[in-house]
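Dear colleague,

Please find below the sequence and the structure that I am handing over to you. My findings follow directly after them.

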Amino acid sequence: MLKIYNTLTRKKEEFTPIKEGKVCMYSCGPTVYSFAHIGNLRTYVFMDLFRRVLKYDGYKLKGVMNITDVGHLTSDEDEGEDKMEKASREQKKSPYEIAEFYAKVFFEDLKKLNIGRPEIVEKITDHIPETIAYVQELIDKGYAYEIDDGIYYDISKFPGYGKLSRLNLDEQQAGARVEVNSQKRHPADFAVWKKAEPNHIMQWESPWGMGYPGWHIECSALSRKYLGFPFDIHTGGVDHIPVHHENEIAQNEAITGKKTVNYWVHGDFMLVDNGKMSKSLGNTYTISDLEKRGYSAMDFRYFCLNAHYRKKLNFTFDGMDGAKVSYARLLGALYQHKTSDKKTDENVIKAYKDEFVEAINDDLNVPRALGILWKAVKEPKSRDIYELALDFDKVLGLSLDQAKPEEQPKVDAPAEVVELAEQRVNAKKEKNYALADELRAKIAALGYQVVDTKEGYTLAKTE
Ligand code: AMP
Ligand code: ZN
């Protein structure tokens with residue numbers, strides 16, 4: 001029996017789908033105005049693990065994901081510059097070209113990471129009539145009103161506002177970063193439709209003149225259309241709890257008057273060097289950045305699998321090195337099992353399988369599941385262990401069928417580079433990680449990548 005932590009109740013709950021044997025899941029998709037960074041991708045690895053566990057448990061899955069190809073604004077609020085429009089201007093391409101390009105790269109990244117594509121993936125620009133109809137319904141039901149720059153949701157009409165984040169409105173206001181629009185009835189009222197300035201690139205006809213949908217209405221309109229209210233599970237990153245998902249609930253319940261999503265499940269954030277990822281800090285790495293530094297997408301997936309989805313995960317290159325080495329070692333060990341003609345007692349295999357099933361069903365405890373795999377891999381070599389690993393891989397998605405002899409990366413570098421690497425070993429011994437990172441950067445500038453191993457380190461030439 002699967003147990004999952006529901007943000008709405010702040011409890012681990014037993015999962016019961018609305019329709020027996022079938023699960024309907026909505027996942028907030030990317031805004032495609034630039035490359036997805038590794039933090040975004042961590043959230044989709046989490047979505048994928050959830051999907052895989054449900055399938056492993058025998059459920060039939062209907063997953064829906066939106067592609068936000070209408071630029072929502074620079075902040076969670078309703079002000080600021082439209083990101084799609086900005087990218088479009090800077091890259092001298094139409095917003096449709098921008099969206100198509102980044103959506104394509106996004107799905108290529110998902111494929112490299114063995115993240116299964118949800119059954120239904122839909123673009124917002126293909127659903128403008130649905131968003132307009134939704135906004136009209138909110139107006140007709142008295143939940144939304146028109147002012148000069150758009151149609152706004154009237155949160156005073158929805159007493160349940162704030163139930164997901166458990167923030168009261170004053171606290172939400174304290175966090176708001178934008179000027180209050182004086183025509184709004186309440187500062188926290190949010191736009192469900194924005195009227196477009198004449199020079200705004202993406203705009204559509206509506207009963208309220210030319211305009212474009214608000215960000216939050218997109219997910220309400222799509223989940224309603226493809227899954228219907230109520231549905232089972234809604235996923236996203238924790239940043240969506242206080243505004244985006246709170247607003248989705250307000251919009252949904254205005255239509256139905258009751259709960260529309262049974263389980264709200266959120267993945268925690270990825271940090272870089274214990275801090276926020278941001279373009280200005282230059283630490284928003286993409287999969288292609290990692291590949292250029294000699295890591296594969298699978299190394300990154302392995303790295304993600306080591307942390308529970310509800311814990312913050314701190315990204316460092318040392319951590320990635322660790323993941324790379326462990327993953328190679330895992331494939332190496334499994335290769336020996338694969339090529340063995342010995343057997344393992346079926347009770348032993350069953351015990352591992354039981355433990356694994358228990359772990360993944362305990363709020364998707366994948367780090368524990370990975371530990372169980374490692375324990376099994378340390379058994380005497382046998383083909384049965386390899387088969388067991390392939391079964392676990394239905395959940396882990398680590399391409400374990402690619403098991404191959406472990407390669408020892410060569411230490412073959414100029415003396416100057418080796419000297420820096422030695423200095424780095426000392427810096428790490430003295431726990432001077434800042435210096436260690438500096439030395440890593442110097443080594444990288446000379447065209448080499450240092451990878452930590454159990455025995456010390458290896459050096460590999462970068463392209
Ligand atoms: P966006 O394209 O900005 O809508 O983000 C796509 C997904 O990535 C959302 O589900 C966010 O919650 C998630 N996300 C954004 N930043 C991070 C981060 N640093 N770590 C994990 N997930 C993130
Ligand atoms: Zn959403």
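In this predicted model, the C-alpha centres of domain 1 and domain 2 are 34 Å apart. The contact between them draws on 22 residues of domain 1 and 33 residues of domain 2. For orientation, domain 1 covers residues 17–267, domain 2 covers 286–402 and domain 3 covers 415–461.

Domain 1 and domain 2 bury about 2,200 Å² between them, and 66% of this area is on carbon and sulfur atoms. On the side of domain 1, the residues that lose the most area to domain 2 are Ile38, Arg42 and Tyr56, which together account for 34% of what that side buries.

Two salt bridges are found across the interface of domain 1 and domain 2. Arg301 forms a salt bridge with Asp48, with 2.8 Å between the closest N and O atoms.

Which elements of domain 1 give two or more residues to the side that touches domain 2? They are helix 1 (38–56), helix 3 (95–112) and strand 11 (261–267). Helix 1 gives the most, with eleven residues. Sorted by class, this side of domain 1 has 13 nonpolar, three polar and six charged residues.

I turn next to the ligand. There are 14 residues around ligand 1, of which Gly39, Asn40, Thr43, Asp239 and Met270 come nearest. For Asp239, a polar side-chain atom lies 2.4 Å from an oxygen atom of ligand 1. For Met270, a backbone N or O atom is found 2.8 Å from a nitrogen atom of ligand 1. Thr31 also takes part through its backbone, where a polar atom is 3.1 Å from an oxygen atom of ligand 1.

A further point concerns Glu13, which belongs to strand 2 (residues 11–14). Its side chain is joined to that of Thr9 by a polar contact of 2.6 Å. When neighbours within four places in sequence are left aside, Glu13 is in contact with Leu2, Lys3, Ile4, Asn6 and Tyr263. Glu13 and Tyr263 are 250 residues apart along the chain, yet their C-alpha atoms are separated by 8.9 Å.

Most residues other than glycine have a negative phi, and most peptide bonds are trans. Against that background, the peptide bond from Phe229 to Pro230 is cis, with omega near -10 degrees. Pro230 lies in the loop between helix 6 (215–226) and strand 10 (231–237).

- Arg166 has a phi of about 55 degrees and sits in the loop between strand 7 (150–153) and helix 5 (169–175).
- Lys431 has a phi near 60 degrees and is placed in the loop between helix 14 (415–429) and helix 15 (433–445).

With kind regards

Key: Residues are numbered from 1 along each chain as its sequence is written. Chains are lettered from A and ligands numbered from 1 in the order in which they are written. This is a predicted model: local features need pLDDT of at least 70, side-chain atom pairs count only at pLDDT 80 or more; totals for chains, interfaces and linings use all residues. Side-chain values use heavy atoms; hydrogens and water are left out. Domain bounds come from an automatic or database domain assignment. Contact means heavy atoms within 4.5 Å. Buried area is the accessible area (1.4 Å probe) that two parts lose on being put together, summed over both. A salt bridge is a side-chain nitrogen of Lys or Arg within 4 Å of a carboxyl oxygen of Asp or Glu. Helices (H or I, at least four residues) and strands (E, at least two) are DSSP runs, numbered from the N terminus. Ala, Val, Leu, Ile, Met, Phe, Trp, Tyr, Cys and Pro count as nonpolar, Asp, Glu, Lys and Arg as charged, and the others, Gly among them, as polar. A residue is near a molecule or strand if one of its heavy atoms lies within 4 Å of it. A polar contact is a pair of N or O atoms within 3.5 Å; within protein, one must be able to donate a hydrogen and the other to accept it, and residues adjacent in sequence count only if both atoms are side-chain atoms.
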